[in-house]
Amino acid sequence: MAEQAPARAEAAAEGLFSRTYAAATASFAGVMFLTGFAALAVVPTLPVAAQDLDGVSLYPMVAGCFVAASLLGGVLGGGWADRAGARRPLAAGLVLAVVTLLVSATSTSIWQLAAGRFLDGVAGGMVAVSINTAIGQAYPDRLRPRALALMSTCWIVPSLAGPPLAGLVAAWWSWRAVFFGLAALTLLPALAVVAMLRSRSGQAAPEPPDARTPRPALLVAAAVSAGAALAQYGISGWDLRHLVCTAAGLALLAVFAARLLPPGTWRAARGLPATVLLRGLASGVYFTLEAFVPLLLDTVRRVPAAVTGLAFTGAAIAWAGASWVQGRLHERCPRHRLVAAGALLLAAAVALATAGTLPALPALTAASAMLLAAVGMGLLVPSLTLLSLSHSPPGRQGYASSAMQTTQNLGQITVMGLASALFHAGLGAGATGLAGYVAAFGLLLVPSVLAALLAARARTV
């Protein structure tokens, strides 16, 4: 017994970069940095590419392809990870990400560019789900919060540098150079990460899946992706064609979305269903706020674009910082309480954005809402990921990660669609622009407060 005590103490002292976990940590960090840089850097070039390809009218479809396709990629990667471990879908997602950059770079029509973004979404969904699954398989519970905090940092760094650099390259040279350059920069490091994943032995093999836990069919996932794409395209306009697309998309989501989620998700059943629902509610609030606050600053408050850009940068840093903090609080504070705190911060950010519509208050009041919301998400998202891994059935971390990815995207589409409908309805009724923003922001208070109230249902026993 005396000899076992030092061994247990040594195991407890091991960190992310100890001999046991260094290879896994380096692999995952490299994957997140590469995929984050490639995914975020191309965003400023998409409007330029759409204009060059005479497809501005279809730009909403191109912009929405990534989110819709990531639903399919998440289900594909999650099921694959449960069957064979996370290494293979992670490597496949990386290779596909490089291929999609070449597809987009060689686009001769807006439809090829849309296909490239769709494939990129599939790759992104596979990588995101595989990373979360791999963290659940490779690390003990005490290291998972810090691993997730590191992954957030590796995603944040390229979000700071990638878009400005890509915008300069597109302005001074060509938007195609951005895609070709990213493919060249990503290829060799991606191959190195794939080789490291092949030789790494730190990842635990998946346990036999529970036969009672249903596996979602890929056809169902494809139907949900199609519904998400139609809904995203539909809310970009208000003519008959857009309304038909919106109705068709919502119908597909209503029929098929529940089949990709744990039973009891919509009624917030305790455990994994409530955890999955909370991810959708929080994501819907944050990404809708991230869309409307810059629009408010630009069109109503007349804030310089540089200031808006600084708000985005500050939000990225705030998210990473809060994620780092939660990695060190989880042993002293139950995770579901961190979720509740994050949701309350989201509600406070919504109130701050609403106050920012008042002409008597400085425009930076609304900009500061993005920073506060990012702090809330930095606390909330890693905590929910950890809870989902704790609640997942044996050998089904991929299933849980896939469900989290699905509700994240569905929450974003649904909440943003409802907020957009309120915003445009206010404008159509002759209301002032500020009234439209107040209505949209007011809607966001509902899922924020609901998430705070339901957080206890995600707690572990």
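Modeller: A crossing is left-handed if the near helix is turned anticlockwise from the far one by less than a right angle, and right-handed if clockwise. The model discussed here is predicted.

Colleague: Among contacts between residues at least 6 apart in sequence, what percentage join residues at least 24 apart?

Modeller: The set is limited to contacts whose residues lie at least 6 apart in sequence. Within that set, the share joining residues at least 24 apart is 84%.

Colleague: Are H5 and H6 roughly parallel or roughly antiparallel?

Modeller: The axes of helix H5 (residues 87-105) and helix H6 (residues 110-138) cross at roughly 160° and come within 8 Å. Angles over 145 degrees count as roughly antiparallel. H5 and H6 are therefore roughly antiparallel.

Colleague: How many nonpolar, polar and charged residues are in the contact of H5 with H6?

Modeller: H5 contributes residues including Leu90, Leu94 and Thr100, and these meet residues of H6, among them Arg117, Asp120 and Met126. By class, the contact of H5 with H6 has 14 nonpolar, 6 polar and 2 charged residues.

Colleague: Are H2 and H5 roughly parallel or roughly antiparallel?

Modeller: Helix H2 (residues 22-41) and H5 have axes that come within 11 Å and cross at roughly 25°. Angles under 35 degrees count as roughly parallel. H2 and H5 are therefore roughly parallel.

Colleague: How do the residues of the contact of H2 with H5 divide into nonpolar, polar and charged, and which hand is the crossing?

Modeller: The crossing of H2 and H5 is left-handed. Phe28, Val31, Thr35 and Ala38 of H2 make the contact with Leu90, Leu94 and Leu101 of H5. The residues of this contact divide into 6 nonpolar, 1 polar and no charged.

Colleague: Does Cys154 count as buried or exposed?

Modeller: Buried means under 20% relative accessible area. Cys154 has a relative accessible area of 13%, so Cys154 is buried.

Colleague: What is the relative accessibility of Cys245?

Modeller: Cys245 also counts as buried. Its relative accessibility is 16%.

Colleague: How many disulfides are there?

Modeller: A disulfide needs a pair of cysteine sulfur atoms within 2.5 Å. By this rule the count is 0.

Conventions. Residues are numbered from 1 along each chain as its sequence is written. This is a predicted model: local features need pLDDT of at least 70, side-chain atom pairs count only at pLDDT 80 or more; totals for chains, interfaces and linings use all residues. Side-chain values use heavy atoms; hydrogens and water are left out. Buried means under 20% relative accessible area, exposed over 50%, partly exposed in between (1.4 Å probe, protein chains only). Axes are lines fitted to C-alpha atoms, for helices over the stretch in contact, and angles run from 0 to 180 degrees between N-to-C directions. Helices (H or I, at least four residues) and strands (E, at least two) are DSSP runs, numbered from the N terminus. Angles under 35 degrees count as roughly parallel, over 145 as roughly antiparallel, 65 to 115 as roughly perpendicular and the rest as oblique. Contact means heavy atoms within 4.5 Å. Ala, Val, Leu, Ile, Met, Phe, Trp, Tyr, Cys and Pro count as nonpolar, Asp, Glu, Lys and Arg as charged, and the others, Gly among them, as polar.
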